[in-house]
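Here is a short report on one protein chain. It covers helices, a surface patch and charged pairs.

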Amino acid sequence: MHFDDIRLMSGETRFGHLEEIQNDRFAFFHRLNRECGDIARIRAMGKYLLFANSPNLLRDVFVEKAKSFTKSPALRGALRPLAGQGLFTSEGELWKRQRRLMAPLFTHSMIAGYADTMASCAEEAADTLREGETIDAARLTTHVAMRVAGRALLDAETAEEAEEIGEALTVALSWANIRSGEVSYALQLQVSAAVQDAAERLPGLPDTYRARGLSMADALIEPIQWPGKESRELRKALATINRHVERMIATRRAAGLEKRDLLSLLLAAHDEGGEHMTDKQ
């Protein structure tokens, strides 16, 4: 199958499908699945994007042919304020190094050990629900996730912190979600792509300038934090998350990494050369 043979979703405007994604993303994906099925093309700011919607195709992307794919700049950039240059957003050698460090911590047996914790937290949340009541599903599920993380990461109950951390994560992820669908961000990504292309293709460009160009292109994939309420709320949320994580790391280091919770294992992990991840990573 050629790329041009893949069905193009209907309803594009002068900005492609970007406006529909921004206005009602859930409705857009529902329509995409209903209209195009397992695989579809959409258009955004003159570029085509391909969506794979079946388990088999996703396995091709993430497992069988993973080396043929890279993370999109939009995904990496939108999450960078929250995730930095961590495993979710890094690429190339940095990603490989972090992946090697973390691989032993995510074997089938290790993951299976968290199943009871996940089930217990879900059951406790379910016990608080009452027939006929209306709930905020996003808040409830985030709260459950924080309790799971607290127990699995720290071998401790963090119910008191769950609400604060959950609210901060919701703010940060919502900011990334909104920015990634904006026309202004699509334009910013086009500028980044143009700078990267110039840095890679211009003949005779000194290595110093080439490196600066690639560095500038990488910096441009992170959405601009325009002055205003949303940016202030994002910075406040990130400060809250960092404060909690830094305290957790300090507590583990002070205890000598004796516990076998996930955070202690991450802090103790090292590669063949004995190099560890930094606290920031």
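Helices here are DSSP runs of type H or I with at least four residues, numbered from the N terminus. The model is predicted.

**Surface patch**

F3 sits in the segment before α1 (18–23). At 33% relative accessibility, F3 is partly exposed. Together with Y48 and L50, F3 makes a nonpolar surface patch. The three share about 250 Å² of accessible area.

**Helix α5 and its cover**

Helix α5 spans residues 92–102. Its buried residues are R97, Q98, L101 and M102. They lie on the same side of α5, because they cover an arc of only 125° around the axis. Part of their cover comes from α13 (262–268).

L266 belongs to helix α13. L266 is buried, at 19% relative accessibility; the cut-off for buried is under 20%. Beyond residues up to four places away in sequence, L266 touches M102, L105 and M277. G150 is 116 residues from L266 along the chain, and their C-alpha atoms are separated by 15 Å.

**R76 in α4**

R76 is in helix α4 (residues 73–83). Its relative accessible area is 14%, so R76 is buried. A polar atom of the R76 side chain lies 3.1 Å from the backbone oxygen of T89. Leaving aside neighbours within four places in sequence, R76 contacts K71, T89, E91, D218 and I221.

**Salt bridges**

Side chains of opposite charge can pair when their charged atoms come close. The model has 15 salt bridges, counting a side-chain nitrogen of Lys or Arg within 4 Å of a carboxyl oxygen of Asp or Glu. Among them are these:

| Pair | N to O distance |
|---|---|
| R31 and E20 | 2.9 Å |
| E93 and K96 | 3.7 Å |
| R243 and E164 | 2.8 Å |

What does the R31 and E20 pair tie together? R31 lies in helix α2 (residues 25–36) and E20 in helix α1, so the pair ties together parts that are 11 residues apart in sequence. R31 is buried at 16% relative accessibility. E20 is partly exposed at 23%.

E93 and K96 both belong to helix α5. They are three residues apart, about one turn of the helix. E93 is exposed, with a relative accessible area of 58%. K96 is partly exposed at 41%.

R243 and E164 link distant parts of the chain, 79 residues apart. R243 is in helix α12 (residues 229–254), and E164 is in helix α9 (residues 159–180). R243 is partly exposed at 43%. E164 is partly exposed at 36%.

One network, built from salt bridges that share partners, joins E20, R31 and E35.

Methods: Residues numbered from 1 in each chain as written. Predicted model: local features only at pLDDT ≥ 70, side-chain atom pairs only at ≥ 80, totals over all residues. Heavy atoms only, no water. Buried < 20%, exposed > 50% of the residue type's maximum accessible area, 1.4 Å probe, protein only. Helix = DSSP H or I, 4+ residues; strand = E, 2+ residues; numbered from the N terminus. Arc of directions from axis to C-beta. Contact = heavy atoms within 4.5 Å. Patch = residues over 30% accessible without salt bridge, like charges linked within 9 Å, V, L, I, M, F, W, Y side chains within 5 Å. Areas by Shrake-Rupley, 256 points an atom, 1.4 Å probe, with all protein chains shown as cover. Polar contact = N/O pair within 3.5 Å; in protein donor to acceptor, adjacent residues only side chain to side chain.
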